[in-house]
Amino acid sequence: MWKRRAHEAIGLGLLSVSAATAATPGTASFEVIQPELFQGAHSVSASWADFDGDGWLDLAIAYETGEVRLYKGNGSKFVNVGAVLGLPSRGDSARSVAWGDYDGDGYPDLYVDTLVEPIPSRSYLYHNERGKGFVEVAKEMGVDDPGSSSRQASWIDYDNDGHLDLFVANRIETNHLYRNEDGHFKDVTRQVGLTDVRRTVGACWFDMDQDGDLDLFIGNQDGDTDGFYRNDGGHFVDIAPELHMDRPGRRLGVGSNMCAVGDYDNDGKLDLFVASYNYSALYHNDGGGHLTEVAKLQGVAIEGARMVSAEWADYDNDGRLDLYVAGYTVDDNGKLVPKDYLFHNEGDRFVNALTADNPLTQIMSKADHAVQWADYDRDGALDLVLTSLEGGVTVLHNLLPSQTRRRSLEISVLDSSGLTTRPGSEVRLYDPSGALLGTRLVATGDGYGGQSVQPVHFGLSRMTRVNVEVTYLTANGRKVQRVDNVDPRKFIGKTLVVRQAVE
């Protein structure tokens, strides 16, 4: 649960390494914080959540060593409390982390996938003991998933019954969907039509066709085609070939990795970016259940590289979603070299801000796995965490000018109990005339191996009153709730909370 709390912007004296550029519109300006705390290679996945309900975002990081670090935040600095609270300090290679409050007690629990070769691995579920510690319960709850090799787990409500279900993408065998039945889980993969042996790395859930339930895109590796499963009332049908999104004819070393959902053109429909080996795709949502691939047209086509992860965010608060993409290139000696892109949304196309002459490029272009944005200090600007197998964790504080930082609004979408978030819900902002300003998805998982639980963030081109519209996916279809005449100035350092109405 995200509690409403005011916050004074922290001083920048706590920031350790500067890599800032001029703070002009569209120009990235960040500083690295606490590098001594976040040092250590072999970091893979990252996920934000307020695990103890104190109003500040905390950060979970998974490592190939099996360690899962939990960095507790207080708005100005972080402290690693993972081992003290019962998370592993060593063990099987931890490949992904995902927060989700599966029992609805207001405290997000943590799912961790691991990888052991050649011995089959398993997954772990750490129940959150009201912010005081974690207890591992995966086998007891039926989600230990023996033999898995997952890079992405997603907490979602696929059947709109109000309980969080769990989807686990699998790199070496079939994916799994676990239905939450009053706090315990049942594997319903075969029952709902999601048995799929393609080598899945990334998964994104969103109501692509706006029919009231969550659909599923899966990005597959090793030459496998991609899948897009339409949710037909709790049963899934792969329509990727019909949508021309399967990408047939790949050779063995080519495939898709992570995906990211966002309304980049502010037309009210959610679009999809897919980070891939060889060619990364951007699918524009045309409405009516149709999508068109537009990466080259929009300036985000990345060809001949191995892109791993991506996430949308409005990092400069101009009202348009930008896109961070992390991955590799291969040099003449066959060595993998990290290569990242920060695509700024110019309105009609995207421009890469990480140019050769930008001093920020040297620091940012070390990430090759996780990309997760979050406003950890509640100052109105989105900060960024990046992970790298060789370079470790980098946490970057956004240095937007004070006036620009404040030009934003954060909205927390909760269930009817007011305790937990509703992943897959949609949030739209309108100006007083009724013009749509933007759309955000309550996160269902993107970046790499993470599913952050946090408010949605809107940058605002003007600090004027707005109308907020939240679309919940319910057993009775798409239900819209509105909060009109919201003054963003009253929510500086705070979060607007929208609670689902009882039907």
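Predicted model: local features only at pLDDT ≥ 70, side-chain atom pairs only at ≥ 80, totals over all residues.
1. Asn317 counts as buried, at 0% relative accessibility; buried means under 20% relative accessible area, exposed over 50%, and partly exposed in between (1.4 Å probe, protein chains only). The residue lies in the loop between β23 and β24 (322-330), where helices (H or I, at least four residues) and strands (E, at least two) are DSSP runs, numbered from the N terminus. Asn317 has a positive phi of about 55 degrees although it is not a glycine. Most residues other than glycine have a negative phi.

2. Residues are numbered from 1 along each chain as its sequence is written, and side-chain values use heavy atoms, with hydrogens and water left out.

3. Asn485 also takes a positive phi, of about 60 degrees, although it is not a glycine. Its place is in strand β35 (residues 477-486). At 47% relative accessibility, Asn485 counts as partly exposed.

4. Which residue takes a positive phi in the hairpin of β13 and β14? It is Asp182, with a value near 60 degrees, and the hairpin has two residues between the strands. Strand β13 (residues 176-181) and strand β14 (residues 184-187) run antiparallel and are joined by four bridges; two strands pair if DSSP finds at least two bridges between them. The bridge partner of Glu181 in β14 is His184.

5. The disulfide count comes to one, a disulfide being a pair of cysteine sulfur atoms within 2.5 Å. Cys204 and Cys259 form it, with their sulfur atoms 2.3 Å apart. Cys204 lies in strand β15 (residues 200-206) and Cys259 in strand β19 (residues 256-262), so the pair ties together parts that are 55 residues apart in sequence. The torsion about the S-S bond is about 120 degrees, and the disulfide is therefore right-handed. Both Cys204 and Cys259 are buried.

6. Arg198 is found in the loop between α2 (189-192) and β15. With a relative accessible area of 16%, Arg198 is buried. Leaving aside neighbours within four places in sequence, Arg198 is in contact (heavy atoms within 4.5 Å) with residues including Asn170, Glu173, Asp224, Asp226, Tyr229 and Asp238. The C-alpha atoms of Arg198 and Asp224 are separated by 6.1 Å, although the two residues are 26 residues apart along the chain.

7. Ser365 occupies the loop between α5 (359-364) and β27 (371-374). It counts as buried, at 15% relative accessibility. Not counting residues up to four places away in sequence, Ser365 touches Pro338, Lys339, Asp340 and Leu354.

8. Strands of a sheet pair through backbone hydrogen bonds, either parallel or antiparallel. Four bridges join strand β4 (residues 58-63) to strand β5 (residues 68-73), and Leu59 stands opposite Tyr71 in β5.

9. Another open sheet is formed by three strands in the order β33-β30-β36, and its pairing is mixed. β33 (456-459) and β36 (496-499) stand at the edges with a single partner strand each, so one side of each is left without a neighbour in the sheet. The twist averages 25 degrees from one strand to the next. Strand β30 (residues 408-414) runs parallel to β36 and is joined to it by four bridges; Leu414 stands opposite Arg499 in β36.

10. How many cavities of 30 Å³ or more does the structure hold? There are eight. On a 1 Å grid over the protein atoms alone, a cavity is a set of points where a 1.4 Å probe fits but cannot get out, and lining residues have an atom within 4 Å of a point. The largest cavity has a volume of about 390 Å³, a volume being the space filled by probe spheres set on the points, which are joined across faces, edges and corners. Of the 25 residues that line the largest cavity, the closest to its centre are Glu311, Trp312, Leu441, Ala443 and Val456. The elements that give two or more residues to this lining are β19, β23 (303-313), β32 (436-441) and β33.

Terms used:
Axes fitted to C-alpha atoms, helices over the stretch in contact; angles between N-to-C directions. 1 Å grid on protein atoms, 1.4 Å probe; cavity = no way out; pocket = protein on both sides within 12 Å on 5 of 7 lines; lining within 4 Å.
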